[in-house]
Amino acid sequence: MVRERGEQVVATNRRARHEYAIEKTCEAGLVLTGTEVKSLRQGRANLSDGYAYIDRGEAYLDAVNIPEYSQGHWTNHSAKRTRKLLLHKDEIVKLSHAISAGGYTLVPLKLYFSDGRAKVEIAVAKGKREFEKRQTIREREDKREAERAMRTRNRLGD
C-alpha cells in the first residue's frame, strides 16, 4: 500500500485569526474513530466554534464539528464530541502555563493530514477587543490600497 506524503488541509479557522491575537502555535495529533477519519478525508469539518482545554494533564479539543460519515451506519460518531489531543507531557505543561496567565485560550487554527495522520494546529491566543479588530481591518485595507497604487504607478511608468 502506498503511503501518503505531504500535507493535505481539511479545514481552516479563518475567524480565529480575526477574533484573536495569535501568540504561539503548536501541532497536535488527534484521537479519532474510523468514521471520523473517513469524513475528514471527504474534506468535511468545521473549526469555527472549536476550542481546546487542558484537564488533569491531558489536552482535549471540543466543539469541533466533524459531520457523520455519509456511508456509515450504527458505528457512526457523534458530530461534536470531545476529542483527545496527542501531545507530549512537556508541551501540555507549557500550554497550561501559557493559558493560566489569564486572558489566553487554546484555539484550533487548522485541521489537516500530515503524511496520512490527522493533525490539528492549535494556538495560544488572546481575544481582541472591538477596536483592535477594526484597526486590523483598517491596516489591511491601507496596505491593499498602497499596493494597488504602486501597481498602477509602475504600469504608467513603463
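1. Two strands are said to pair if DSSP finds at least two bridges between them. Helices (H or I, at least four residues) and strands (E, at least two) are DSSP runs, numbered from the N terminus.

2. The model is a predicted one, in which local features need pLDDT of at least 70 and side-chain atom pairs count only at pLDDT 80 or more, while totals for chains, interfaces and linings use all residues. Residues are numbered from 1 along each chain as its sequence is written, and side-chain values use heavy atoms, with hydrogens and water left out.

3. Strand pairing around Gly29. Strand E5 (residues 83-86) pairs with E2 in the antiparallel sense over 2 bridges, and Leu86 is the bridge partner of Gly29 in E5. E2 also runs antiparallel to E7, to which 9 bridges join it. In E7, Lys119 stands opposite Gly29.

4. The largest nonpolar core. A nonpolar core is a set of buried Ala, Val, Leu, Ile, Met, Phe, Trp, Tyr and Cys residues joined through side-chain atoms within 4.5 Å; buried means under 20% relative accessible area, exposed over 50%, and partly exposed in between (1.4 Å probe, protein chains only). The largest such core has 23 residues, and those with the most contacts inside it are Leu61, Leu85, Leu87, Leu95, Leu111, Val120 and Ile122. Two or more residues each come from strands E1 (7-12), E2 (20-30), E4 (58-62), E6 (104-114) and E7 (117-127) and from helix H3 (89-100). E7 gives the most, with 4 residues.

5. Leu61 and the second core. Contact here means heavy atoms within 4.5 Å. Not counting residues up to four places away in sequence, Leu61 touches Leu30, Tyr51, Ala52, Arg81, Thr82, Arg83, Leu85, Pro108 and Val120. A second, separate core has 5 residues, including Val107, Leu109, Ala123 and Ala125.

6. Lys110. This residue is found in strand E6. Its side chain makes a polar contact with the side chain of Glu7 at 3.1 Å (a pair of N or O atoms within 3.5 Å; within protein, one must be able to donate a hydrogen and the other to accept it, and residues adjacent in sequence count only if both atoms are side-chain atoms). Beyond four places in sequence, the contacts of Lys110 include Val9, Ala11, Leu47 and Lys119.

7. Ala45. The loop between helix H2 (34-41) and strand E3 (51-55) holds Ala45, which counts as partly exposed because its relative accessibility is 22%. Leaving aside neighbours within four places in sequence, Ala45 is in contact with Val10, Ala11, Leu40, Asn65, Ile66, Pro67 and Leu111. Its C-alpha atom is separated by 27 Å from that of Lys89, 44 residues apart along the chain.
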